[in-house]
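Thanks, everyone, for making time this morning.

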Amino acid sequence: LTSSLRSGISSSDALTSEVRLPLGSRGSEMGTELNGAPVITAVNLRKMYGPHLALDDVNLEIPSGAVGILGPNGAGKSTLFKCLLGLIKTTSGEGTVLGYDIRTEGDKIRSRIGYMPEYDALDPGLAAIDQVRYSGELLGMNPAHATQRAHEVLEYVGLKDQRYRKIETFSTGMMQATKLACALVHDPEILICDEPTNGLDQRAREFMLQTLRRTVSEGGRSVLMSSHVMDDVQDVCDRIVMIHKGKIVVQSRIDELAKQVDREIEISIWGGASRMQAALEGRGFEVRRLGRVIRVDRVDDNTTFVILEAAVEAGVQVRQMQEYEPDLEDIFLLIMDKLGAKVKGTSELMTESHTGGGSPE
Ligand code: ADP
Ligand code: MG
């Protein structure tokens, strides 16, 4: 899946390699300025909508770079962003963005952060160029500068040829790109994108993710993006924050995420899967089985030996045995499953590619 995604992206790379990055180069300067300090912090941040607890004592320390906020619908992602931007009043707790207090310095925060909201923030009757220029002026840019920047950022998001068209004629992908241009117009240090790929077709989605990646890798900016799809986050981010029912449940580098779940061994056998299951259960394993593919937790180095013993007892032939490498989607679902979030049952995690497409006996 990941490799097919990547090849898709490299093909669109060719289309955009000409487009100059409209971001002043400040990668290294930013590093010194921030001195490795987190760009965003939250301490016991709580948000209630009336009696409804939307953020439950959130503690965060987000370093510069690309961070994905992942969680099912209603988890509190949008609420978190609005609190960080100082757009809504928090109930209790505190937080900072680039050192500014989210409770009292929202205007300073918003002048240094680009925000791409989840829902439509566009005026359908305006041409894209006017919409983006207007966003710049609202952020305090003078009209000439805002106009110049509007041209640059619209080119960056792939709308150079469409910039004089009215937004009401745009596809969802073009509207999302326009929202991104509005968020970038004042050359912010941090870009906060709320579900930037929502409603996009594959091509528009790849372009959006690629643009966000470039903003980090070439522009040296930080990106905080939310999604309910692991794939999107995996593609852009090096860190992840998982949120569930208003609580932060995981805060980790993506490459360390696999450590959060138990390793499993996957066994393919010929015949007698039920006998094999019984033999494994007799040895204390909890067995996950789909047809002739069986998975058990890898307890220690001895686990493979115990599995072979069980196979001898059951009189079955082991065709293949390997440590099962969960992909990030699996890990996300496993973590959500442990928390009781009804995202998907564990058995559904055994996808066709894991069973070799064989029919159950
Ligand atoms: P997400 O962006 O992860 O889908 P939200 O932050 O939009 O989640 O919502 C978190 C919870 O707060 C949800 O249960 C939602 O129904 C509730 N909520 C969001 N905005 C409001 C609001 N303005 N008034 C009351 N409840 C809200
Ligand atoms: Mg949301």
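Predicted model: local features only at pLDDT ≥ 70, side-chain atom pairs only at ≥ 80, totals over all residues.

Residues are numbered from 1 along each chain as its sequence is written, chains are lettered from A and ligands numbered from 1 in the order in which they are written, and side-chain values use heavy atoms, with hydrogens and water left out.

Let me take ligand 1 to begin with. Which residues surround ligand 1? They are Y49, H52, A54, P72, N73, G74, A75, G76, K77, S78 and T79, where a residue is near a molecule if one of its heavy atoms lies within 4 Å of it. By class this shell has 4 nonpolar, 6 polar and 1 charged residues; the scheme counts Ala, Val, Leu, Ile, Met, Phe, Trp, Tyr, Cys and Pro as nonpolar, Asp, Glu, Lys and Arg as charged, and the others, Gly among them, as polar.

A backbone N or O atom of G74 lies 2.7 Å from a ligand oxygen, a polar backbone atom of G76 is 2.9 Å from one, and for T79 it is an N or O atom of the side chain, at 2.5 Å. Taken alone, ligand 1 exposes 560 Å², and the protein buries 60% of that; these areas come from the Shrake-Rupley method with a 1.4 Å probe, and for residues only the protein chains shown count as cover. The elements that give two or more residues to the shell are β2 (52-62) and α3 (77-84), and α3 provides the largest share, 3 residues. Helices here are DSSP runs of H or I with at least four residues, strands are runs of E with at least two, and both are numbered from the N terminus.

Next, the metal. The magnesium ion, ligand 2, is coordinated by S78 (OG) and E118 (OE), at 2.0 to 2.5 Å. Donors are N, O and S atoms within 2.8 Å of the metal (3.2 Å for Na, K and Ca), and since water is not among the atoms, sites may look incomplete. S78 lies in helix α3 and E118 in the loop between β6 (113-116) and α5 (128-138), so the pair ties together parts that are 40 residues apart in sequence. S78 is buried, at a relative accessible area of 17%, where buried means under 20%, exposed over 50%, and partly exposed in between (1.4 Å probe, protein chains only).

Now the sheet. It is an open one of 4 strands in the order β2-β1-β4-β5, with antiparallel pairing, and strands pair if DSSP finds at least two bridges between them. Its edge strands are β2 and β5, each pairing on one side only. There are 7 bridges between β1 and β2, 5 between β1 and β4, and 2 between β4 and β5. One can follow a row across: T41 has E61 as its bridge partner in β2 and stands opposite T96 in β4, while T96 in turn has D101 as its partner in β5.

What about the backbone angles? In the hairpin of β1 and β2, with 2 residues between the strands, G50 takes a positive phi near 60°. L98 also has a positive phi, of about 50°, although it is not a glycine; L98 sits in the loop between β4 (92-97) and β5 (100-101) and counts as buried at 13% relative accessibility. N44, another residue that is not a glycine, has a positive phi of about 45°, lies in strand β1 (residues 40-49), and is partly exposed at 39%.

Finally, helix α12 (residues 328-338) is mostly covered, with 8 of its 11 residues buried, including L328, F332 and M336.

Notes
Polar contact = N/O pair within 3.5 Å; in protein donor to acceptor, adjacent residues only side chain to side chain.
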